[in-house]
Structures are given as structure tokens and as C-alpha cells.
Amino acid sequence: MDLKRFEGLRDKLRKDPVFFAEAVLGFHPFPYQAKLLRCNSKRVVACWARQTGKTTAIAVKVIHFAFTNANKTTLIVSRGLRQSMIMFNIIERFILTHPFLARSVLKSTRTMIELKNGSKIIALPCGPDGATLRGYTADLVVMDEAAFMPEDVIASVIFPMLATTNGTAIMLSTPWGRNHIFYRSFKNPDYWSQHVRAEDCPLISKEFLEEQRRTIGDLRFKMEYEAEFVEEENSFFSQDLIRECVEDYDLINESQLWVEGKIAGDYYLGADFGKKVDYSVIALLKREEEGKLRLVFLKQFALGTPYSEVIAYIKRLDEKFDILKGFVDQSAIGESLVEEIKEFAPQIDGLTFTARVKQDLMVLLHARMEQKRLILPMERSLLTQINEQQYRFGRAKPTEIAEEKGYMTFYHPPGSHDDQLWALA
Ligand SMILES: Nc1ncnc2c1ncn2[C@@H]1O[C@H](COP(=O)(O)OP(=O)(O)OP(=O)(O)O)[C@@H](O)[C@H]1O
Ligand SMILES: [Mg+2]
């Protein structure tokens with residue numbers, strides 16, 4: 001190859017991230033990903049539907065930036081390290097398995113890659129207050145699932161990190177709540193904004209989307225697959241309220257229940273028994289400092305699971321966890337089954353879920369969330385259910401709706417714990 005052609009090639013690789021992606025990484029971006037890769041704006045918002053390739057596209061952009069610019073720092077930030085690591089691991093895989101790129105790595109740790117050209121890629125959590133981020137200066141900051149990051153941290157910690165470098169900020173997310181910097185930036189004409197729907201993604205079939213629309217309903221479909229900032233006006237637990245309670249952590253995996261030994265901590269249990277058309281659900285909340293409760297475990301049983309099986313499961317949980325107190329929905333199973341539970345776990349009581357009791361529980365849960373004393377995992381399916389079922393409830397006739405919609409059941413368990421704690425307090 002003559003030198004001139006090689007120089008031309010280098011120049012093209014530097015200038016065109018899409019060419020770089022295809023020629024070097026063997027990654028073939030979809031048209032909307034190509035657009036984002038080529039965007040040069042210093043303020044970028046990608047509001048894309050679920051599973052349309054946000055994280056992967058930006059991972060590629062970060063690799064291109066680090067390899068074609070010397071001495072630049074890229075930070076990958078999300079609500080928690082778990083989410084940041086998803087993108088970081090994609091980046092790591094592209095680089096470390098690559099015959100040439102891997103040779104340019106000077107140092108690599110679990111959360112950092114440093115290249116021989118002096119550029120670094122670092123994955124970080126932002127946490128509730130951004131304390132983990134203080135002290136960094138960055139040339140590029142990528143915020144994955146930005147709609148779940150605390151606005152204060154984005155505005156007062158992340159943007160100042162870019163001040164002296166005239167750096168670039170990229171926020172990507174599926175929508176969540178309008179009262180947030182992600183939404184305002186998306187609407188801000190000073191930002192380069194991009195909206196992508198699931199139907200634009202060649203990997204997602206029409207059939208899948210039709211099926212999803214039927215299962216999750218129009219409103220949620222609009223948010224998840226059309227990337228619209230929608231929310232029912234009467235929503236009892238607003239998306240903005242829910243965001244305040246979200247942290248990025250894993251729920252306890254069911255397989256851990258069958259391992260020897262207890263899981264440490266103090267817990268509260270709530271169980272809702274499904275009747276004919278709704279699911280039985282068990283939830284566990286862990287007591288943390290300052291009276292906070294963290295949802296750590298959630299089990300939804302298949303429709304038609306016999307009550308005896310659900311009760312056996314509660315027994316297992318009682319052996320595995322120190323359950324301080326628990327409530328089960330007595331209206332479904334009746335007093336005698338509650339007595340059966342009390343034989344092995346006397347601290348668990350039956351509670352009759354009348355409309356009135358449900359409403360009280362909801363109000364308490366709301367207060368608890370406003371005080372940030374409930375912590376929920378960053379799981380969109382769970383959070384959208386909480387957001388959605390509440391507005392349905394908010395419209396009144398709770399019991400009828402609970403029976404109509406299986407997902408309504410998700411609401412009860414945290415509610416019952418909450419009531420318990422309130423009663424204790
Ligand atoms: N251009 C592409 N060609 C082939 N596969 C792709 C492409 N872009 C993304 N994918 C694949 O699509 C899937 C979803 O990608 P990714 O996780 O980046 O999407 P996302 O929008 O971040 O999803 P989520 O909403 O779950 O965070 C992954 O399996 C990824 O490897
Ligand atoms: Mg993603």
C-alpha cells in the first residue's frame with residue numbers, strides 16, 4: 001500500500017466514525033446510529049425507544065473518540081455503576097478482542113481503559129449526589145439512561161466537568177418523566193436531539209411490536225417503543241416521583257434462595273394472592289438506615305399457581321430471611337390459610353384488602369416515596385407498572401380494576417409493608 005493512500009485512510013478513519021466503525025470494528029450501524037455517530041455537536045440528546053441500540057452506538061462513538069484523539073478523558077456515567085458497566089463492557093469487548101486496538105492499550109482495570117495515546121475511558125456511577133464524580137475533568141461525558149439520573153448531579157456536577165475542556169455531553173435514554181433535564185434538553189433548540197422509534201430498528205419486527213402493544217397497552221407502548229414522553233394525567237405515582245426513589249441495583253435472584261445459610265438483614269414481607277385472573281406476588285423489603293426500605297425481592301407466580309405452593313414459598317423466605325413483620329392478603333385466601341402461615345411465621349398477619357384499606361396504603365406509600373424512604377430498582381418494567389397501575393387506581397373502583405388487570409397486583413406488596421411500618425411507627 002502506498003503511503004499516501006494510507007495517510008488518506010487514516011484521515012478518513014479520524015474524520016468519519018461510521019467508516020471507523022465498519023472498517024475497524026466490523027460494526028455496521030443502522031442509519032439513525034450512523035447519524036448519531038457523525039454528529040459533531042457538543043450537546044447531544046438521543047431519545048430512543050427500548051432496545052434500538054443506544055448503548056452500543058455510543059460505545060462505538062466513545063471508542064472512535066478515544067482512539068483518534070490524544071490525551072482525552074471520556075466518562076461513562078449512569079445512575080449506578082451497574083448501568084455504566086453495560087456500556088463499558090461493550091467498549092472493553094470491542095477493544096480488548098481486537099487484534100490492533102488491543103495493542104494500543106496501556107492499562108486496563110475493571111472500570112478504566114487507558115490507551116497509549118494518553119486517552120482514558122472511565123465508567124462511573126453518579127449515585128444520589130454525584131460525590132463519586134467530583135474531581136474529574138472530562139472531554140466527553142456520556143450519560144446512559146440519563147432520564148434516571150438526578151437532575152442536580154447532571155446540572156451541578158457533570159456539566160461543570162466540561163467547562164475547562166469545552167467538552168461534549170451526550171445524554172441517551174428512553175423517556176421517563178417530563179420534569180427533568182433530559183426532557184428539557186431534548187426540547188432545547190441548542191441541543192442536537194434525535195428521536196428514534198422501535199419501528200426504525202431493523203432488529204425489531206412488526207409482529208413483536210404488535211404483540212407488545214396488545215400486552216402492555218397503548219400508553220406504555222408509546223413510551224417504551226415510540227419514545228414519547230407520555231404519562232396519564234391522573235397518575236398517582238408520577239414518573240418524576242418514582243425517579244427520586246430509583247437506585248441502580250439487582251434484585252435478589254431466586255437461585256440465591258436455595259443456597260445454604262441466611263441472607264443478612266431485617267426484612268418485611270408482603271404477599272398478594274391472585275384470584276382467578278391475577279397473579280400471586282410476594283415482595284420483600286429490606287430495612288435500611290434512616291428508616292428507608294429497599295425493595296430487594298419480588299416473585300410473581302404463574303397464573304393458577306395453587307395457594308399451597310405460594311405458602312410453601314413464604315415458608316422458604318421465612319427460613320432464608322429475618323422477617324420482622326409481614327402482611328398477606330387475607331381476602332383471597334381466607335382465615336384458615338392465614339392461620340397455616342402463622343404456624344411457621346407468627347409475625348405474618350392477614351389483612352383484608354378492602355378498597356378503603358388499599359387507598360390508605362397507597363397514600364402512605366406515596367408519602368414514603370416523597371420522603372425518599374422507599375428505594376426501587378432501576379427496572380423499567382417494574383417502574384412502568386407502578387406508574388401505570390396507580391393512575392388506574394387513582395380513577396377509583398380499585399377492587400374491580402385489580403381483578404381486571406393482573407399487573408395491578410404489583411402495587412399491593414410494597415403497600416402492605418408500608419402500612420406495617422406505619423403501624424409500627
Ligand atoms: N447496528 C447494529 N447491528 C446489529 N446489532 C445491533 C446494532 N446495534 C445494536 N445491536 C444489538 O441490539 C441489541 C440492543 O442494543 P443496545 O443494548 O445497545 O440497545 P439499547 O437501546 O441501549 O437497549 P436498552 O433500551 O435495553 O438499554 C444488542 O443485542 C446489540 O448488540
Ligand atoms: Mg441501553
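An α-helix has 3.6 residues a turn, so residues three or four places apart point the same way.

## Helix α3

Helix α3 runs over residues 31–38. Tyr32, Gln33, Ala34, Leu36 and Leu37 are its buried residues. Among the elements that cover them are the helices α2 (17–25) and α4, together with the strands β1 and β8 (192–196).

The shell around ligand 1 holds 14 residues, of which Arg50, Gln51, Lys54, Thr55 and Thr56 come nearest. By class, the shell consists of seven polar, four nonpolar and three charged residues. Helix α4 (residues 54–68) contributes three residues to this shell, the most of any element. Helix α4 is also part of what covers the buried residues of α3.

For Thr56 the distance from a side-chain N or O atom is 2.5 Å, for Thr55 the polar side-chain atom is at 2.7 Å, and for Lys54 the separation is 2.8 Å. On its own, ligand 1 has 630 Å² of accessible area, and the protein covers 71% of that area.

Arg380 is located in helix α14 (residues 380–394). Buried or exposed: which applies to Arg380? Arg380 is buried, because its relative accessibility is 8% and the cut-off for burial is under 20%. Beyond its neighbours within four places in sequence, Arg380 contacts Arg50, Glu145, Phe148, Thr174, Pro175, Trp176, Met223 and Glu224. One of these, Arg50, is also among the residues that come nearest to ligand 1.

Met85 belongs to helix α5 (residues 81–96). Met85 has a relative accessible area of 8% and is therefore buried. Apart from neighbours within four places in sequence, Met85 is in contact with Arg110, Thr111 and Ala123. Between Met85 and Thr111 there are 26 residues of sequence separation, while their C-alpha atoms lie 7.4 Å apart.

## Overall composition and packing

The protein has 425 residues, and 55% of them are buried. Its secondary structure consists of 16 helices and 15 strands. Counting contacts between residues at least 6 apart in sequence, 69% link residues at least 24 apart. The accessible surface is about 19400 Å², with carbon and sulfur atoms accounting for 50%.

## Confidence

The average pLDDT of the protein is 88, and 90% of the residues score at least 70. Residues 390–425 have pLDDT below 50, although this stretch has 89 contacts in the model beyond near neighbours in sequence. Where pLDDT is low, the predicted coordinates should not be read in detail.

Key. Residues are numbered from 1 along each chain as its sequence is written. Chains are lettered from A and ligands numbered from 1 in the order in which they are written. This is a predicted model: local features need pLDDT of at least 70, side-chain atom pairs count only at pLDDT 80 or more; totals for chains, interfaces and linings use all residues. Side-chain values use heavy atoms; hydrogens and water are left out. Helices (H or I, at least four residues) and strands (E, at least two) are DSSP runs, numbered from the N terminus. Buried means under 20% relative accessible area, exposed over 50%, partly exposed in between (1.4 Å probe, protein chains only). Contact means heavy atoms within 4.5 Å. Accessible areas come from the Shrake-Rupley method with a 1.4 Å probe; for residues, only the protein chains shown count as cover. A residue is near a molecule or strand if one of its heavy atoms lies within 4 Å of it. A polar contact is a pair of N or O atoms within 3.5 Å; within protein, one must be able to donate a hydrogen and the other to accept it, and residues adjacent in sequence count only if both atoms are side-chain atoms. Ala, Val, Leu, Ile, Met, Phe, Trp, Tyr, Cys and Pro count as nonpolar, Asp, Glu, Lys and Arg as charged, and the others, Gly among them, as polar. pLDDT is the predictor's confidence in each residue, from 0 to 100.
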